[in-house]
Amino acid sequence: MLLNQNHGQASAVAGAIAGAVLSIDLGALRDNYLFLRQKLHGVACGAAVKADGYGLGALQVARTLVQAGCRDLFVAHLEEGIALRPHFSADVAIYIMHGAPVGCEAEVLAHGCIPMLNSLPQITAWRELASQKGMRLPAVLQVDTGMARMGLGADEVAACVADPELLAGFELLFLMSHLACAEDQSHGMNLQQLHAFKTLRQQLPACRASLCNSSGIFLGEDFHFDIARPGIALYGGAPVAGQANPMRSVVRLQGRIIQTRQIPTQTSVGYSATWRSQKPSTIATVAVGYADGWLRSLSNRGVAFIAGTEVPMVGNVSMDTITLDVTEIAPEHVHPGALVDLISAENPVDIVAQRAGTISYEILTSLGARYHRHYIEAH
């Protein structure tokens, strides 16, 4: 009990001295996963936890999802898989989406991870390792259906068809590809990729298949196949453009006010004097900046919420601070030490991203290391 009390006291102190607090609602994360799994009607639902769990902490995120029933975790780099592997039993599969780094195939196997094979050299190297070990090794095969990014191209698929021995040295768990435009349900590329995927699947050895990401789940059962790999929707991002977001908000970012000051009319604020007051104003300086992942493109475009009221961000984002026009806010809400909401249910990550001229993925994965991170457990 004393250890728990000390931990709680230490956490409270850390939160009080931090310039900003990043709260991560693991209960909302769990509910988002369960919602997506329900939409899949029995199809397996994995989870993309790459990029440190989309910036929210890969281990905390993965633990929550595994407790909710997820058994397929997807990361980009081998080192991400190595970091997660000791924390989960063997029935939780960890897939390395970039495949094994050249010459490190044995490391993938040693750490109990499963590579996605994206090219003939990766296939050859994994087959050679299987031959050395005298056993069939698990793998996923990725084919390119239109992104021209990763996966076997048409010529490499033809080579596999012409030489079945290329794929004979390992256990093919599933065939996968990745949708490029699934958030736009009317985009013609969705059906083009679906057709291309089905065509390639017919040419390759029979196995399970995976095509859809978060947005793909909402395209309907034709896209679901055998396993889905949601990412951004788990973390509260909107999966379908132009529609109400059905996902629960996972992230709340609160910045701490350092000081407030009264300025007269026609006073410039911040670097390069990009904003000037049009009347006597009250400016609050908040301890969040681009070093914390609060993008500079939010200069004179971002907003915060204080006591439920929207206030504009004025002047350029600095390395460590932003400035808000809080003229219309009651003084008791804008004293030094008070917290203001930068990402919240009132100002969700998709809206922040829109104001910044980017996407929610970049906002989340840019969130910096200086925040005090507060995890709200899923009960």
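I looked up the largest cavity, which has a volume of about 40 Å³. I am working on a predicted model, where local features need pLDDT of at least 70, side-chain atom pairs count only at pLDDT 80 or more, and totals for chains, interfaces and linings use all residues. Residues are numbered from 1 along each chain as its sequence is written, and side-chain values use heavy atoms, with hydrogens and water left out.

Terms for the entries on spaces: on a 1 Å grid over the protein atoms alone, a cavity is a set of points where a 1.4 Å probe fits but cannot get out, a pocket is an open set with protein on both sides within 12 Å along at least five of seven lines, and lining residues have an atom within 4 Å of a point. A volume is the space filled by probe spheres set on the points, which are joined across faces, edges and corners.

**Cavities.** I found 2 cavities of 30 Å³ or more in the structure. The lining of the largest cavity consists of Gln142, Val143, Asp144, Thr145, Met147, Arg149, Met150, Ser177 and His178. The second largest cavity has a volume of about 30 Å³, and I listed Ala100, Glu105, Pro115, Leu117, Gln122, Ala125 and Trp126 around it. Helix α7 gives the largest share of that lining, 3 residues. Helices (H or I, at least four residues) and strands (E, at least two) are DSSP runs, numbered from the N terminus.

**Largest pocket.** I noted about 850 Å³ of space in the largest pocket. Its lining has 39 residues, with Tyr54, Asn213, Ile232, Ile359 and Tyr361 nearest the centre. Two or more lining residues come from each of α3 (50–54), α10 (214–217), α11 (349–356) and α12 (360–366).

**Ser281.** I placed Ser281 in strand β14, residues 281–286. Is Ser281 buried or exposed? Ser281 counts as buried because its relative accessibility is 3%, where buried means under 20% relative accessible area, exposed over 50% and partly exposed in between, with a 1.4 Å probe and protein chains only. I then checked the side chain of Ser281, which reaches the backbone oxygen of Lys279 at 2.8 Å. Apart from neighbours within four places in sequence, Ser281 is in contact (heavy atoms within 4.5 Å) with Arg261, Gln262, Ile263, Asp325 and Thr327.

**Whole protein.** I counted 12 helices and 19 strands. Of the 379 residues, 51% are buried. The C-alpha atoms fill a box of roughly 75 × 55 × 40 Å along the principal axes.

Technical notes:
Polar contact = N/O pair within 3.5 Å; in protein donor to acceptor, adjacent residues only side chain to side chain.
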